[in-house]
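Biologist: Hi! Could you walk me through this one, starting with the words I need?

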Amino acid sequence: MSGKRERVIEAASALFFKQGIAETGMERIAEAASVSKMTLYNYFQNKEGLLRAVIETMMQKAEKDTDRVLAEESDPFNALLRLRNAAEYASISELFVKELLDGYPDIAADLMEFEKGNMVGRIEEIIFRSQQSGMLRKDVSPHVMFMFMMAVKEYMSRPGIWSGMPDAHAAREQVLSLMYKGILSEDYRRTAEEPDAGTS
């Protein structure tokens, strides 16, 4: 990927994810990427072509990030914790998702197929390995556990959900702590609490 093309995709991603697709014009993207508007059309033909490139780049990065975490972490639960706040998805607004589903169903279908075929299987494999090692509860299937985690994450990403909180970051961490402690096995929780008990 050329540096200029990459710069355009990065600028478009930031704008699309934050303010939605409809409100992001090609002129604004060109300005943010410091390229001419003609350059955008030469590379992507139109806005839909650029949107497709943004989604494809996001999918490739998510896959690479997941593979890197799996290669670096021998502890499957630690891998799960590292992946819980995937940067590629953290900045996506609810408006962007709605406009993608409503206006670009083919691109949205590609993204969902990627998640189903690539990401879900990888995350469920981590959950399964964590169950086999005794870290996570075995009475819940990996798929159900994954869906629960995604539901919590999706809810916490809704606009305004943390308004009025004096420390939204601390509140998010507390909710995540409740969720992850809830899926830990009793034996693992007991083992994790023993050092604290010994020092008190």
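Modeller: Happy to! Buried means under 20% relative accessible area, exposed means over 50%, and partly exposed is in between, with a 1.4 Å probe and protein chains only. Helices are DSSP runs of H or I with at least four residues, strands are runs of E with at least two, and both are numbered from the N terminus. This is a predicted model, where local features need pLDDT of at least 70, side-chain atom pairs count only at pLDDT 80 or more, and totals for chains, interfaces and linings use all residues. Residues are numbered from 1 along each chain as its sequence is written, and side-chain values use heavy atoms, with hydrogens and water left out.

Biologist: Thanks! How many helices and strands does the protein have?

Modeller: Eleven helices and zero strands.

Biologist: And what share of the residues is buried?

Modeller: Of its 200 residues, 36% count as buried.

Biologist: Let's zoom in on helix 2. Which of its residues are buried?

Modeller: Helix 2 covers residues 26-33, and its buried residues are Met 26, Ile 29, Ala 30 and Ala 33. Looking down the helix axis, they fall within an arc of 100 degrees, so they line one face of helix 2. That arc is taken from the directions from the helix axis to the C-beta atoms.

Biologist: What does the face turned away from the buried side carry?

Modeller: There you find the exposed residues Glu 27 and Glu 31.

Biologist: What covers the buried residues of helix 2?

Modeller: The cover includes helix 1 (3-19), helix 3 (37-44) and helix 4.

Biologist: And what follows helix 2?

Modeller: Ser 34 does, with a positive phi near 60 degrees.

Biologist: Now Arg 7. Where is it, and what does it touch?

Modeller: Arg 7 sits in helix 1. Not counting residues up to four places away in sequence, Arg 7 touches Ala 33, Ser 34 and Val 35. Contact here means heavy atoms within 4.5 Å.

Biologist: Why does Arg 7 count as partly exposed?

Modeller: Because its relative accessibility is 36%.

Biologist: How far is Arg 7 from Ala 32?

Modeller: They are 25 residues apart in sequence, and 9.0 Å apart in space from C-alpha to C-alpha.

Biologist: New topic: is Thr 66 buried or exposed?

Modeller: Thr 66 counts as buried, because its relative accessibility is 2%. Thr 66 belongs to helix 4, residues 47-72.

Biologist: Which residues is Thr 66 in contact with?

Modeller: Leaving aside neighbours within four places in sequence, Thr 66 contacts Leu 83, Met 119 and Arg 122.
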